[in-house]
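Colleague: I am new to this structure. Please take me through one part of it closely, the aromatic residues and the core around them.

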Amino acid sequence: LINPQPLSLFWAPPKLPLEVVEMPAHMGGGPAAYYIAGTADGSRPGKFFVNTTRYDSQPKYECISLALHEGNPGHHLQSSYSMVAEPRLPKFRQFMEDRSYYLAPSRFPINTAFVEGWGLYSEQLANEMGLYSNDVQQLGRLGNDAWRACRLVLDTGMHGMGWSRDQAIDFFRSNSPIEEINANIETDRYIAWPGQACAYKMGQLKIEELRRKAEDNLAEKFDIRYFHDEVLCDGGITLPILENKIEAFIQKHKN
């Protein structure tokens with residue numbers, strides 16, 4: 001359903017294998033899903049890990065948006081672009097490692113705003129790909145948007161305004177469809193990792209802003225496939241570097 005669609009939105013998307021696998025049982029208290037990149041030669045596929053320990057508590061209407069975020073055209077496609085960028089990118093920047101942030105440069109620090117901003121942007125792309133086939137699936141996307149908005153409030157509330165953990169959870173439960181167990185897990189994550197939740201949304205908004213700018217400036221010359229390739233072709237970068245890249249992209253295609 002999903003994999004044939006990126007051809008309409010990307011010029012030459014890499015075709016590295018992707019597996020959907022069960023998250024290890026000892027990680028059952030973690031997130032609903034996460035992604036680990038594979039290898040450039042395809043000998044080890046990228047892996048989309050799904051938390052089945054709390055299967056009954058996971059809203060099934062969020063499955064499409066979750067798959068888009070972690071798989072294609074989300075993190076799997078994103079990391080695949082980095083891995084096939086040789087020889088332009090050095091090896092230590094080709095591989096997206098989402099477990100050992102502190103081992104730089106052998107595990108180059110991930111720029112969260114760019115990497116996770118692309119994940120959120122990918123969820124929105126599903127409307128253009130025709131993948132939300134009914135109102136229930138759209139509800140899943142909108143529900144995810146609601147709790148992403150909530151965590152901007154939680155992040156700043158706890159780390160900037162002195163909110164307690166209970167205040168944060170109550171706000172989460174009152175303003176989004178998140179399940180109680182997930183509200184607790186996610187709130188603890190934001191306590192331990194200040195700013196990370198805000199970075200997701202900042203990245204998404206910047207990518208959407210740059211797309212609108214390219215569309216406005218290029219008009220009939222704008223090709224979404226070239227734009228997406230330009231966003232992804234240099235691996236995980238900072239938002240100011242991305243902005244400079246798209247400015248240059250606009251000038252190139254204008255001329």
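Modeller: Start with a cluster: ring pairs link F10, Y81, W118 and Y121. The model is a predicted one. Ten aromatic pairs are found in the structure. A pair of aromatic rings is described by the distance of the centres and the angle of the planes.

Take F227 and F249. Their ring centres are 6.2 Å apart and their planes stand at 65 degrees, so this pair is edge-to-face; the cut-off for that class is over 60 degrees. The pair links distant parts of the chain. F227 sits in helix α9 (residues 224-232), and F249 in helix α10 (residues 239-254). The two are 22 residues apart. Both F227 and F249 are buried.

Now widen the view to the core. The largest nonpolar core holds 36 residues. F10, F114, F227, V231 and L242 have the most contacts inside it. Which elements give two or more residues to this core? They are α1 (63-70), α2, α4 (112-129), α8 (196-218), α9 and α10. Helix α4 gives the most, with eight residues.

Return to F10. Leaving aside neighbours within four places in sequence, F10 is in contact with P73, L77, Y81, W118, L125, R225, H228, D229 and L232.

Q78 belongs to helix α2 (residues 75-83). Is Q78 buried or exposed? Its relative accessibility is 3%, so Q78 counts as buried; the limit is under 20%. Not counting residues up to four places away in sequence, Q78 touches M96, F114, V115, W118 and L232. W118 is also a member of the ring cluster.

F172 has its place in helix α6 (residues 165-175). With 0% relative accessibility, F172 counts as buried. A25 is another matter: F172 and A25 are 147 residues apart in sequence and 26 Å apart in space, C-alpha to C-alpha.

Two arginines lie over rings. R148 is over the face of W147, at 4.8 Å from the ring centre. R151 is over the face of Y200, at 4.1 Å from the ring centre.

Helix α1 lies across β2 and β3 and runs at about 20 degrees to β2. Three strands make up this open sheet, in the order β1-β3-β2, with mixed pairing. Strands β1 (18-22) and β2 (33-36) stand at the edges with a single partner strand each, so one side of each has no neighbour in the sheet. Neighbouring strands are turned by 20 degrees against each other on average, direction ignored. β1 and β3 (residues 46-50) run parallel and are joined by five bridges. E22 stands opposite V50 in β3.

Methods:
Residues numbered from 1 in each chain as written. Predicted model: local features only at pLDDT ≥ 70, side-chain atom pairs only at ≥ 80, totals over all residues. Heavy atoms only, no water. Phe/Tyr/Trp six-rings, centres within 6.5 Å; stacked < 30°, edge-to-face > 60°. Helix = DSSP H or I, 4+ residues; strand = E, 2+ residues; numbered from the N terminus. Buried < 20%, exposed > 50% of the residue type's maximum accessible area, 1.4 Å probe, protein only. Lys NZ or Arg CZ within 6 Å of the ring centre and 35° of its normal. Contact = heavy atoms within 4.5 Å. Core = buried A, V, L, I, M, F, W, Y, C linked by side-chain atoms within 4.5 Å. Pairing = 2+ DSSP bridges. Axes fitted to C-alpha atoms, helices over the stretch in contact; angles between N-to-C directions.
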